[in-house]
Amino acid sequence: MIEDPEASEITDWPQIANNYWVLLSRLEDPAFDGQGLQPPLEEDRVFVVGINALGFSRKGLDLSTKTEEWRRGYHTALMKAALSAEHLTECVRDTTRNITFPKEYMIGPSNPRPKPVPLESYAAPLEGNCVPASETPQTFYTKLLTTTGFSTGQRLDAALAYADWLDFKGLHDTAEEVYDWGLDIAMGALPMGANNAVDIQTGIISSNATYVSQNILRATTALAIHQARNNNLSAALPTLLSVLRSRKQLSLPPIPEASPATESEPSNWQIIVSWVKNIVISPPYPPPPPTGDEVPVRSHKAMCEEAAVMAHVGEILFASPSVTEKPASRATRSSDTARKQQSGLSWTRDAVDISESTLTSMDQDDIDGRQTCTECLETGINNWSKMVRKILKEQQDVVDIKEEKPGTGKGWFWGGKSIQEEEEEEGRWERELELVVSRMSTVQRLIEREANAKKQRSPGGIFGFFS
């Protein structure tokens, strides 16, 4: 366990990582579950070019002889091992005591000012006794991206997770290359004649695209979010708008057939027999998830994903600086900023409304969809609150300036509005804040309900870490 007394919640990432390393070693061992594994096919040149450009080495395996269920489990193990490695990148393991510490506590030349450990903690480790607590995340992501036999969606999962980790580490240029690589992976699985669906230079989906797969929507959305995080708003906004246009053009799902009349509840004896049967006979393995190469339908989950895109658009519009073709006056710039802020607020409100209404009407069994809706709803309502509070603060700052400088004239910040107009506008945003606070209490109850339902669905016992 990581010895970090200041952590509010302790997760045993060293043990979790070790569990997955043991699992991977068994899966790859020919004496156990690795029978039939082959080195990767040498004729697969497409990804060699991309890997060499990023300075990677090819370490994957050829899984073509393995079943889909085996490949799915192997992919999950590698992804979980990569996630564990992300949490251990700034940790070291004291080999003399087999204890993992954050690197900031280590005493040695590479850390001349170590952070003191609390009195009730273990003694600080010495650098001479320490080794890295884990392989680097790049090791596992490289293995995922260079393995033959994964589906397009599985490889895209690895590419987007890897790029997100690179962004977190501040390697933004490398992250963008991996996002582009993810887009290449998604486009490489499109049918013949549909590979012009996306402008590879900008990531914008063509308005004339006839085949836009789920993987294309995921890859372009992730690229746009990366651009927005790195203040490239002019590139992110048109990409997100093209994603939103494509999502709104999706077909509705087919109407399900009427379910047969429900049978009477089973007796206690039938329940016992069913329980014993499930213990003796292994239940069927879950069916494979979609590869992502298909064009999605406008399901409840897709509508929540659409709302999430709208929330991102609202953020960008609200935060983007005002741009005019000619040098503008201060009043014009302020008016332009106000219009963009109100436009961003409008997009955010709509995102909250869509995600809330979709969540309340969604099937309880749609676990992934409910998770997507909950995350979008929480993000949207928080953004809405922050936007309104920011506008109110800006208005108060203007009032303070006018009180300090009576000769500034009437309302230059809001384009020369009268005092009555300014008071009405201030009252409008105060009323909107009251509305947001009221909606937040409702949304919070929904989020708590979903969190409780998720806990009830989570597996317990010694194998809970595989969830």
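The legends below describe close-up views of a predicted model.

Residues are numbered from 1 along each chain as its sequence is written, and side-chain values use heavy atoms, with hydrogens and water left out. Because this is a predicted model, local features need pLDDT of at least 70 and side-chain atom pairs count only at pLDDT 80 or more, while totals for chains, interfaces and linings use all residues.

View 1. Helices (H or I, at least four residues) and strands (E, at least two) are DSSP runs, numbered from the N terminus. Of the 467 residues, 39% count as buried, where buried means under 20% relative accessible area, exposed means over 50%, and partly exposed lies in between (1.4 Å probe, protein chains only).

**View 2. The largest nonpolar core has 66 residues.** A nonpolar core is a set of buried Ala, Val, Leu, Ile, Met, Phe, Trp, Tyr and Cys residues joined through side-chain atoms within 4.5 Å. Tyr-74, Ile-205 and Ile-216 have the most contacts inside this core, to which several helices each supply at least two residues, including H1 (13–28), H3 (68–87), H7 (214–229) and H10 (300–319). A second, separate core of 20 residues includes Met-362, Leu-433, Leu-446 and Ile-447. In soluble globular proteins, nonpolar side chains tend to be buried together.

**View 3. Ile-216 is in contact with Leu-183, Ala-186, Met-187, Leu-190, Val-198 and Ile-205.** This list leaves aside the neighbours of Ile-216 within four places in sequence, and contact means heavy atoms within 4.5 Å.

**View 4. The buried residues of helix H1 are Trp-13, Pro-14, Ile-16, Ala-17, Tyr-20, Leu-24 and Leu-27.** Seen down the axis of H1, these residues fall within an arc of 160 degrees (taken from the directions from the helix axis to the C-beta atoms), so they line one face of the helix. They pack against H3, strand E2 (99–102) and H4. At 1.5 Å a residue, the 16 residues of H1 should span 22 Å, and the end C-alpha atoms of H1 are 22 Å apart, which agrees; the expected span is 1.5 Å times one less than the number of residues.

View 5. H5 is mostly covered, with 13 of its 17 residues buried, and is followed by Gly-170, whose phi is positive, near 85 degrees.

**View 6. Asn-98 and Asn-231 lie in loops.** Asn-98, in the loop between strands E1 (91–94) and E2, has a positive phi of about 55 degrees although it is not a glycine, and Asn-98 is exposed, with a relative accessible area of 56%. Asn-231, in the loop between H7 and H8, has a positive phi of about 65 degrees although it is not a glycine, and Asn-231 is exposed at 69% relative accessible area.
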